[in-house]
Each structure stands twice: as C-alpha cells, then as structure tokens.
Amino acid sequence: QVQLVESGGGLVQPGGSLRLSCAASGFSFSSATMSWYRQAPGKERELVATITSITGSTNYADSVKGRFTISRDNDKNTVSLQMNSLKTEDTSIYYCNAKFRRIGLPQNAWGQGTQVTVSS
C-alpha cells in the first residue's frame with residue numbers, strides 16, 4: 001500500500017537548521033508531485049514547498065523562500081526539506097504529501113507527520 005514516512009524532526013534553536021526526509025513506497029514515486037505541508041496548533045494546514053515529477057521544478061511559500069529547499073531522489077524514492085535560519089514561527093507538524101495518478105484517477109497521500117519545534 002501507499003506509505004509516506006517522515007523523519008528528521010526535533011527541537012532546534014532559532015537560527016538553526018533541520019533536514020526532514022520522507023521515504024515513499026507503494027506508488028510510482030518518479031511520477032508523483034511531492035510536497036511538504038505544515039500545521040501549527042489552531043491553524044490550518046499550509047503548503048510549504050512543492051517539487052514536480054518531470055522537471056523537478058520547485059515552488060515555495062513566501063514565508064520560507066530563501067530559507068527552505070525541497071529536493072527529491074527518484075532512485076531512493078525520497079523527498080527532503082532542508083530548513084535553514086529557522087524561526088519560532090516555523091514550529092509545526094510537518095507532513096509529506098504525494099499527488100499521483102492510479103488507473104487514471106488522482107490520488108492524494110499523506111505521511112503521519114513529524115514535529116518541528118523552534119525554541120530557545
């Protein structure tokens with residue numbers, strides 16, 4: 001079955017860095033658009049970054065541009081999010097997301113999330 005397993009979350013001081021990873025299985029990873037979302041307590045889930053399947057083009061939320069970098073490894077079926085210059089407002093649960101087609105129908109899969117806490 002489709003699985004997305006995030007790792008790499010934790011506690012970091014403001015200005016620090018973390019690297020999140022998502023291991024995917026159960027679908028054609030190289031054909032999927034992969035994204036990272038986040039959700040803070042009491043707030044709606046928001047899109048952080050996206051990387052497309054064919055061209056590998058990327059898109060970022062304005063709040064993370066210049067600080068976060070999304071990348072993918074189609075040989076290892078992984079997508080990563082390098083987060084630098086972290087701020088307290090980056091504190092959230094971060095979710096890996098895959099959008100792909102199966103038998104022509106759109107599919108939308110989520111990981112279980114990983115907690116990122118930015119605090120001194």
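1. F27 and F29 are both buried (under 20% relative accessible area, with exposed over 50% and partly exposed in between; 1.4 Å probe, protein chains only). Their ring centres are 6.4 Å apart and the planes stand at 45°, so the pair is tilted. Rings of Phe, Tyr and Trp (its six-membered ring) pair if their centres lie within 6.5 Å, with planes under 30 degrees apart counted as stacked, over 60 as edge-to-face and the rest as tilted.

2. This is a predicted model, in which local features need pLDDT of at least 70 and side-chain atom pairs count only at pLDDT 80 or more, while totals for chains, interfaces and linings use all residues. Residues are numbered from 1 along each chain as its sequence is written, and side-chain values use heavy atoms, leaving out hydrogens and water.

3. F27 also pairs with F100, stacked at 4.5 Å between centres and 10° between planes. F27 lies in the loop between strand 3 (18–25) and strand 4 (33–39) and F100 in strand 9 (residues 92–102), so the pair ties together parts 73 residues apart in sequence. Strands are DSSP runs (E, at least two residues), numbered from the N terminus. F100 is buried, as is F27. Ring pairs join F27, F29 and F100 in a cluster.

4. The charged end of R72 sits over the ring of F29, 4.7 Å from its centre. The criterion is NZ of Lys or CZ of Arg within 6 Å of the ring centre and within 35 degrees of the ring normal.

5. One disulfide is found in the whole structure (cysteine sulfur atoms within 2.5 Å). C22 and C96 form this bond, with sulfur atoms 2.2 Å apart. C22 is in strand 3 and C96 in strand 9, 74 residues apart.

How values were computed
Helix = DSSP H or I, 4+ residues; strand = E, 2+ residues; numbered from the N terminus.
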